[in-house]
Amino acid sequence: MSLQATTRPPAQRQARAVRLGPRSVAALALVSAVGVAGFGWPFLAPPSSRLSAHAQDAPWLFAGVLVLLVAVVAAAISESGLGPKAVAMLGVLAATGAALRPIGAGTAGIEPMFFLMVLSGRVLGPGFGFVLGSVTMFASALLTGGVGPWLPFQMLAMGWFAMGAGLLPGPDRLRGRAELAMLAGYGFLAAFAYGTVMNMAGWPFMSALASNVAFDPQAPVAANLARFVAYCLATSLGWDLGRAVVTVVLTLTLGPAVLRALRRATRRAAFETPVTFEAPRQ
């Protein structure tokens, strides 16, 4: 009896709705650097700086800058190949995410839109994920009336959240339970990270006279860091935990079906196949 060697077929490269070019990567790096400064300036600016002297105005300044930069990044990514098919899928997923967000609003962090952002970023890539996260938060804010100085920070944070899922390893080969476990773990950690950075965006608005956990422009960095940790534990830990648990549960239960649907739609859309037109026959 002879034994025949069996070989697994090579993994097919997963199509991406958007392939990031040098300009798009540079724009993403720029807006991320400004975003880090916008979120973390209370820990970056010394008490003697002019920025600390205008602590109540700084969040408004960064909000105005960020909304412009997010628009620039979206435009740069669009120029790199966001075609009609990708725009249509972007509209469907953003509308779905915006509709999911109000379902659990105000209820222990039950926010089902987060798992959709994770799975969409995983399948469609980091560039598409960033645009999807930003557009979804903008659309949901219009839907729920949540427009305010916090919105640009939410758009950037959700863009990072979905983009990070697209940067996870093994997009072409990793499948099954291992992929679901990785996505669930990422969603759990990223849900806490999202809540933490959004706390950093709203925390400076609090008056130091109102609470001993508020930002104090005159206090040293170590003291403000202790205040911020206490603020997170007191105000958002339960909400972030609820968001993380819901993301994990939905990823593990609905993830296989949603991933298959997204990958099937991506294959049928053939984003990376150039569109050609044939001359009519005479």
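**Helix bends, salt bridges and a nonpolar patch**

Trainee: How far apart are the end C-alpha atoms of helix 1?

Mentor: In this predicted model, the ends of helix 1, residues 22-44, are only 29 Å apart. A straight helix of 23 residues would reach 33 Å at 1.5 Å a residue, and helix 1 falls short of that.

Trainee: Where is the kink in helix 1?

Mentor: At Gly38, with an angle of about 50 degrees.

Trainee: OK, zooming out. How many helices and strands does the chain have?

Mentor: There are 10 helices and 0 strands. Read from the N terminus, the order of elements is α-α-α-α-α-α-α-α-α-α.

Trainee: And what share of the residues is buried?

Mentor: 48% of the 282 residues count as buried. The chain exposes about 14,500 Å², and 68% of that area is supplied by carbon and sulfur atoms.

Trainee: What share of the contacts comes from residues 24 or more positions apart?

Mentor: They account for 80%, taking the contacts with a separation of 6 or more.

Trainee: Salt bridges next. How many are there?

Mentor: The count comes to 4 salt bridges. One of them pairs Arg243 with Glu111, with the closest N and O atoms 2.9 Å apart. Arg243 belongs to helix 10, while Glu111 sits in the loop between helix 4 (84-100) and helix 5 (113-124), so the bridge ties together parts 132 residues apart in sequence.

Trainee: Is Arg243 buried or exposed?

Mentor: Buried, because its relative accessibility is 5% and the cut-off for buried is under 20%. Glu111 is buried too, at 8% relative accessible area.

Trainee: What other salt bridge does Glu179 make?

Mentor: The side chain of Glu179 also meets that of Arg263, at 2.6 Å from N to O. Here helix 8 is linked to helix 10, which holds Arg263, and the two residues are 84 apart. As for the network you asked about, salt bridges that share partners join Arg243 with Glu111 and Asp240.

Trainee: Changing topic: which residues make the nonpolar surface patch?

Mentor: Phe188, Leu189, Leu241, Val245 and Val249 make it, with an area of about 420 Å². Two elements give two or more residues each to the patch: helix 8 (177-202) and helix 10 (237-269).

Trainee: Which helix gives the largest share?

Mentor: Helix 10, with 3 residues.

Trainee: And Leu189, where does that lie?

Mentor: Leu189 lies in helix 8.

Trainee: Why does Leu189 count as exposed?

Mentor: Because its relative accessibility is 60%, and exposed means over 50%. Helix 8 therefore holds both the exposed Leu189 and the buried Glu179.

Conventions:
Residues are numbered from 1 along each chain as its sequence is written. This is a predicted model: local features need pLDDT of at least 70, side-chain atom pairs count only at pLDDT 80 or more; totals for chains, interfaces and linings use all residues. Side-chain values use heavy atoms; hydrogens and water are left out. Helices (H or I, at least four residues) and strands (E, at least two) are DSSP runs, numbered from the N terminus. The expected span of a helix is 1.5 Å times one less than its number of residues. The bend at a residue is the angle between axes fitted to the seven residues ending there and the seven starting there. Patches are made of residues with over 30% relative accessible area and no salt bridge: like charges are joined within 9 Å, nonpolar side chains (Val, Leu, Ile, Met, Phe, Trp, Tyr) within 5 Å. Accessible areas come from the Shrake-Rupley method with a 1.4 Å probe; for residues, only the protein chains shown count as cover. Buried means under 20% relative accessible area, exposed over 50%, partly exposed in between (1.4 Å probe, protein chains only). Contact means heavy atoms within 4.5 Å.
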